[in-house]
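Let's take a friendly walk through a protein model together, looking at its aromatic rings and then at its backbone. Have the sequence and the 3D view ready.

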Amino acid sequence: MTSLTARLSFPGEPSYVSSPTATSVQFLVHTRLLPSGAIACTRVLVDPWAIHDVEFDESSRTKLRGEFERVLRELKVRMIPAPESYVAARIHDAMAVHALAGKTLTPTVQRALGFIAKPAGVVAHPARVLSPVADAAERVERSLALHTEPEVNPLLPSKEEIDAVGDYVAKHTGANAGPEVTIGFVDPTLKALREGIDVACTRSTLDRLALQLRDLALVFAGTRRPELALDAVAVADAIEAAGEGTTRPDQIPFVFGLFYKFALVQREYAKAQGPSK
């Protein structure tokens, strides 16, 4: 079998995507090799809903390595090599989402983004070459364990998704039975939690989670964890298919764990605060 490294390799100067954070913010670094040998870098800070910052400068491979080491050390975020065309497509997608939300970009930002040509057609995620994954069902079944990985552990649902689940559970189990208090200990609450997860996991939610997992597959492959890379791709495929007459989102252990993890954090936080007065 061809190694993951070989299957994920690509020609030319790499651009970069960061591993996702707890707030779904990511760094996209688009690079172009200049005739002088310098690298033109456009750094874009995004989340699935907006562009937050853009910087443009000329750099070098050495400077970029130092920058990425600092980002890993200080922010616990890994930068992942990816094809230039793919990173360009991600940036243009972010620009479209930003505009659709009625938000504008400053002239300086527009000039910086203007250096990035929009690729023709659809550019597939680099990790899609790993699909379909052998033993995918078994990998999905054990996917709760992915949350123990340091790059995955910070991931949490969005505030809107958390609120949707909390509102559903409260409505179906009583006003004082939020998931942060009773999750996992009362069967009706657990049933309502699972149903609430399915309500909260809209198509856009599932697409975001699948994208994050494919990005994480690149992280795992690049840090010599090939089995975890395949686990992440198998779960991404299952999440992408969820809600389309197949497995419900709450039945995917990784997805259930995402909300369960948040509920446990909230419960411990409530304990630490002590009883309300």
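How many aromatic pairs does a search of the whole structure find? The search finds 3 aromatic pairs. Keep in mind, as you read on, that this is a predicted model.

**Two of the ring pairs**

Start with Phe-56 and Phe-115. Their ring centres are 4.8 Å apart and their planes meet at 15°, so this pair is stacked. The cut-off behind that word is simple: planes under 30 degrees apart count as stacked. Now find the two residues along the chain. Phe-56 belongs to strand 4 (residues 50-59), while Phe-115 sits in the loop between helix 4 (107-113) and helix 5 (136-141).

Next, look at Phe-256 and Tyr-260. This aromatic pair is stacked too, with 5.6 Å from centre to centre and 25° between the planes. Here both partners lie in helix 11 (residues 253-273), 4 residues apart, which is about one turn of the helix. Phe-256 has another neighbour to look for: Arg-194 lies over the face of its ring, at 4.2 Å from the ring centre.

| Residue | Relative accessible area | Class |
|---|---|---|
| Phe-56 | 34% | partly exposed |
| Phe-115 | 42% | partly exposed |
| Phe-256 | 12% | buried |
| Tyr-260 | 28% | partly exposed |

In the helix 11 pair, then, Phe-256 is buried at 12%, whereas Tyr-260 is partly exposed at 28%.

**Some backbone details**

Now turn from the rings to the backbone. Most residues other than glycine have a negative phi, and most peptide bonds are trans. Against that background, which residues are joined by a cis peptide bond? They are Ser-131 and Pro-132, with omega at about -10°.

Although Asp-135 is not a glycine, its phi is positive, at about 60°.

Ser-24 is not a glycine either, yet it has a positive phi of about 65°. You can find Ser-24 in the loop between strand 1 (15-18) and strand 2 (26-33). Is Ser-24 buried or exposed? Its relative accessible area is 6%, so Ser-24 is buried.

Notes
Residues numbered from 1 in each chain as written. Predicted model: local features only at pLDDT ≥ 70, side-chain atom pairs only at ≥ 80, totals over all residues. Heavy atoms only, no water. Phe/Tyr/Trp six-rings, centres within 6.5 Å; stacked < 30°, edge-to-face > 60°. Helix = DSSP H or I, 4+ residues; strand = E, 2+ residues; numbered from the N terminus. Buried < 20%, exposed > 50% of the residue type's maximum accessible area, 1.4 Å probe, protein only. Lys NZ or Arg CZ within 6 Å of the ring centre and 35° of its normal.
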